[in-house]
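Let's take a walk through a protein together, one step at a time. Keep the picture open beside you and look up each residue as we come to it.

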Amino acid sequence: MVEHGARFIRRVLGVAVLLALCACLDGAFAQEVVHTRVRLVIDGDTIILQSGERVRYVGIDTPERGEPFYGKAKRRNKELVSLVPITLEICDSERTDKHGRLLTNVLVSNVSVNEALLKEGLARALIILPCGLKVADRYRALEAEARDKRLGIWSVKGGKQKMGGGSR
């Protein structure tokens with residue numbers, strides 16, 4: 001009887017730990033939402049807001065200067081975010097990266113710019129914990145679709161191998 005009680009307590013504790021972990025991970029992007037505008041597009045995954053704050057898109061990596069598709073990724077990002085109101089979903093658990101940039105999902109009219117760049121083959125999935133975990137499966141699937149269609153960076157022989165690590 002005591003053994004059965006101990007097993008029951010272990011199961012209850014296991015479920016409690018699992019629920020706490022799920023709540024924590026879900027909260028990783030239970031973000032602060034900010035409505036703003038872009039002052040400057042730096043590249044395919046970095047912008048400067050009207051406030052002067054730098055923003056780094058969570059979950060993606062676009063080509064760096066000198067790499068194939070750098071210009072196209074930057075231009076496409078500019079087309080998507082310039083002169084329109086944007087919404088930032090800021091990572092709660094890690095608001096900034098090592099360079100002081102806000103880590104965000106960027107939306108225009110409720111459409112994810114991060115996802116648009118992946119779909120068009122102008123970015124690869126770059127999952128950095130904790131905030132990237134919530135979007136990891138979706139972003140990897142979008143990357144795979146673009147790769148299968150040989151879009152953007154995936155149209156070049158070697159594809160993502162041509163992209164360097166950059167300053168992530």
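**A guided tour of the chain**

At 51% relative accessibility, R150 counts as exposed, where exposed means over 50% relative accessible area, buried means under 20%, and partly exposed is in between (1.4 Å probe, protein chains only). You will find R150 in the segment after α4. Its phi is near 55°, a positive value in a residue other than glycine.

Before going on, a word about what you are looking at. This is a predicted model, in which local features need pLDDT of at least 70 and side-chain atom pairs count only at pLDDT 80 or more, while totals for chains, interfaces and linings use all residues. Residues are numbered from 1 along each chain as its sequence is written, and side-chain values use heavy atoms, with hydrogens and water left out.

Now step back to the whole chain. The protein chain has 4 helices and 9 strands; helices (H or I, at least four residues) and strands (E, at least two) are DSSP runs, numbered from the N terminus. Starting at the N terminus, the order is α-β-β-β-β-β-α-β-β-β-α-β-α. Of the 168 residues in the protein chain, 41% are buried. Among contacts (heavy atoms within 4.5 Å) with a separation of 6 or more, 66% join residues 24 or more positions apart.

Let's zoom in on helix α2, residues 70-81. With 12 residues, α2 reaches 17 Å from its first C-alpha to its last, close to the 16 Å expected at 1.5 Å a residue; that expected span is 1.5 Å times one less than the number of residues. Which residues of α2 are buried? They are Y70, A73, N77, L80 and V81. Seen down the axis of α2, these buried residues fall within an arc of 100°, so they line one face of the helix; the arc is that of the directions from the helix axis to the C-beta atoms.

On the face of α2 turned away from the buried side sit the exposed residues R75 and E79. K72, also in α2, is partly exposed, with a relative accessible area of 45%. The cover over the buried residues of α2 includes β2, β3, β4, β6, β7 and α3. After α2 comes L83, in the loop between α2 and β6. L83 is exposed, with a relative accessible area of 81%, and its phi is positive, near 65°.

Y57 touches residues including I47, N77, V81 and L117.

The peptide bond from L129 to P130 is cis, with omega near 0°, and P130 lies in the loop between β9 and α4. Finally, R147 lies over the face of W154, at 5.2 Å from the ring centre; this counts if CZ of Arg or NZ of Lys is within 6 Å of the ring centre and within 35 degrees of the ring normal.

Notes. Lists of a residue's contacts leave out its neighbours within four places in sequence.
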